[in-house]
Amino acid sequence: MKTEKGGKSPDGRITALYVRVSTGYQIDKDSLPFQKKELKNYCVHVLHISPDEIEIFEDAGKSGKNTDRPAFQRMMKKVKAGKVARVLVYKIDRISRNLVDFSLMYDDFKANRTTFISLNEQFDTSSAIGEAVLKIILVFAELERKLTSERVTGVMIGRAQDGKWNGARMPFGWKWNADTESPEHDPDEAEQARTLYRVYSETRSTAKVRDFCYDNDIQTKRGGKWTTTTILNFLKNPMNKGDYRYNYRGSARGTKKPEDEVVYIPAVFPPLVDPELWELVNAIIKENGAKSQTSLNPHKKKHTHVFAGVLRCADCGAGFQVSRLDKPRLNGFVPSLYICTSRRTYRACEAPGASDVVIGAFVFNFVANLVAVSSARREYADAGIDETEKRLLQGDAFSDVLQMDAVSLRQIFDALRGISRGSSSFIPAPLEKKRDDNAAMIEKKRSEAAKIERALERLKKAYLFDDQVMNEREYITTRARLEEDLTRLNNEIADKEESAFETVSELSFVTSASEFLLSYQIQSGDPVVYSDFAPLVGNETLRGFVQKIIDRIEIKQARVSAIVFQNGLDARFIYS
């Protein structure tokens, strides 16, 4: 890249100095100040760049094996914005030790006419030979990293094969003995650990073992709460019967490795539990796992739970999950039972469970009442808010409801009055804001597209009339990038405009609800008997309808406390 005398870029772009160290030791040894000093001296005395045109990007204690570094990401944003003339590093592995990452980064450099300079290797990419040397050095830098990783892995596996511990955290029931440099039983946890095996062998349930832990104040190794997953992992750990297993997974929660890569040595440690008890417990775990696999039970048809995924606990905010199926009714209707996830998993919530019988009757009758009110909207708008509330709460399903929340009732009533004045849609205030936000986003993207179009024009003129600015290759690369950005923006604008049209045309979920109910001969004014309605319609159809019009249903004391619809309408209920 050509520069004016004194090293200043003709377009006023900055020179970025990137420095990095990967460990605290290097930081303490002033590696960062040393890198910065050398790079500044090179800029001033070799490139003749003014200090006020230099910006330093510093990552302390960050590895170079990937690009997940805050200062590096800030620098690359400026590169992509065309604000960086050159990037200087003290050594190439300071910026990247991964060939793929560097290739992507260097593509961005070239596309934005950014020169890359490394002091230690004495090259810069403004020349062809410098670019070639750069790629060769990077290949060997990555090779060195991989060889180092392989050597470390080999040493660790060798230690494991000799029965030596490789420094992982001690599991529950164990502690580290610094004198013997090996694990030993933790006197505070060992008996509790054995008890968990005995409880599982008797109950055959991780959920009951978890509940036992809560009832007896047994915490995990790090003072946390047991879950069915942590219980299962603890019970399956072969270390508890004295065996050593190493290199089992790629990471703590990663995928399992092939058996031929796993190091497994029996009888390395003193057994924490009787090996026979361990084998019995794990046989039960395997048996339970086989029973739970639906592929092994092809005769069982999967049950569709109508309200799964939309229920929320009003007490703690967690979702409700399916706990089990209730007893079938005489007409074949099988209700689903739901429980707060926080209660089931952590026992951190006291909310009782809820049933399709209650939720379904409440939700579908409220929707039916809302349809009836909307159909006679002028009548109810004239009659007033109290009459509207009475009609919305008509039916046995609302016998325990004292009243609707004043704010949510007002929202519904105002929407009805808006319809009666000639509005074509049921539009609550939150949705109007959503439409405004969507329009603002479209306008913003149009402005960005216009800027790119102007940039393309300026780029073309610069290339045609000033051969000092860029060569043909740089022009083609930059033009392609800008055209790609312009196409992406135009596609996003089209998507937003289509989304805006769909939002306006589907705001009135009341219309969809009315058509749905009428298609199953549910007339306005007639109560919906959910236990009869559900078998008639089918759970899959009901679930699809619920997902279409409802965002979430909040549950408190096994009853519906709020229904939040997809269009922003929020109906809340106060019980006596």
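This is a predicted model: local features need pLDDT of at least 70, side-chain atom pairs count only at pLDDT 80 or more; totals for chains, interfaces and linings use all residues.
Visitor: What makes helix 6 roughly perpendicular to helix 8?
Guide: Helix 6 covers residues 190–203 and helix 8 covers residues 228–236, and the two pack at an angle of about 105°. Angles of 65 to 115 degrees count as roughly perpendicular, so helix 6 is roughly perpendicular to helix 8. Their axes are 11 Å apart.

Visitor: Which residues of helix 6 and helix 8 meet?
Guide: On the helix 6 side they are Ala-193, Leu-196, Tyr-197 and Tyr-200, and they meet Ile-231, Phe-234 and Leu-235 of helix 8. Sorted by kind, the residues of this contact come out as 7 nonpolar, no polar and no charged.

Visitor: How do you know that the buried residues of helix 8 are on the same side?
Guide: The buried ones are Ile-231, Phe-234 and Leu-235. Around the axis they cover an arc of only 95°, so they sit on the same side of helix 8.

Visitor: On to helix 7. Why do its buried residues line one face?
Guide: Helix 7 runs over residues 206–215, and its buried residues are Thr-206, Val-209, Arg-210 and Cys-213. Looking down the axis, you find the buried residues of helix 7 within an arc of 100°, so they line one face. They pack against helix 6, helix 8 and helix 10 (341–346). Over on the other side of helix 7, Lys-208 and Asp-215 are exposed.

Visitor: What caps the N-terminal end of helix 7?
Guide: That's Ser-205, with a side-chain oxygen 3.3 Å from the backbone nitrogen of Ala-207. A polar contact takes N or O atoms within 3.5 Å, and the 3.3 Å here falls inside that cut-off. After helix 7 comes Asp-217, which has a positive phi, near 55°.

Visitor: Why is Asp-243 called buried?
Guide: Buried means under 20% relative accessible area. Asp-243 has 8%, so it counts as buried. You'll find Asp-243 in the loop between helix 8 and strand 8 (244–246).

Visitor: What makes the pairing of the side chains of Asp-243 and Tyr-264 a polar contact?
Guide: The cut-off is 3.5 Å between N or O atoms, and these side chains come in at 2.7 Å. The side chain of Asp-243 also has a polar atom 2.9 Å from the backbone nitrogen of Ala-267. Setting aside neighbours within four places in sequence, Asp-243 is in contact with several residues, including Pro-238, Ile-265, Pro-266 and Phe-269.

Visitor: And Lys-91? Why is Lys-91 called partly exposed?
Guide: Under 20% would be buried and over 50% would be exposed, with partly exposed in between. Lys-91 has a relative accessible area of 34%, so it is partly exposed.

Visitor: Where is Lys-91 found, and what does it touch?
Guide: Lys-91 is in the loop between strand 3 (84–89) and helix 4 (99–111). Not counting residues up to four places away in sequence, Lys-91 touches Ser-118, Asn-120 and Glu-121. Val-19 is 72 residues from Lys-91 along the chain, yet 9.0 Å separates their C-alpha atoms.

Key:
Residues are numbered from 1 along each chain as its sequence is written. Side-chain values use heavy atoms; hydrogens and water are left out. Axes are lines fitted to C-alpha atoms, for helices over the stretch in contact, and angles run from 0 to 180 degrees between N-to-C directions. Helices (H or I, at least four residues) and strands (E, at least two) are DSSP runs, numbered from the N terminus. Angles under 35 degrees count as roughly parallel, over 145 as roughly antiparallel, 65 to 115 as roughly perpendicular and the rest as oblique. Contact means heavy atoms within 4.5 Å. Ala, Val, Leu, Ile, Met, Phe, Trp, Tyr, Cys and Pro count as nonpolar, Asp, Glu, Lys and Arg as charged, and the others, Gly among them, as polar. Buried means under 20% relative accessible area, exposed over 50%, partly exposed in between (1.4 Å probe, protein chains only). The arc is that of the directions from the helix axis to the C-beta atoms. A polar contact is a pair of N or O atoms within 3.5 Å; within protein, one must be able to donate a hydrogen and the other to accept it, and residues adjacent in sequence count only if both atoms are side-chain atoms.
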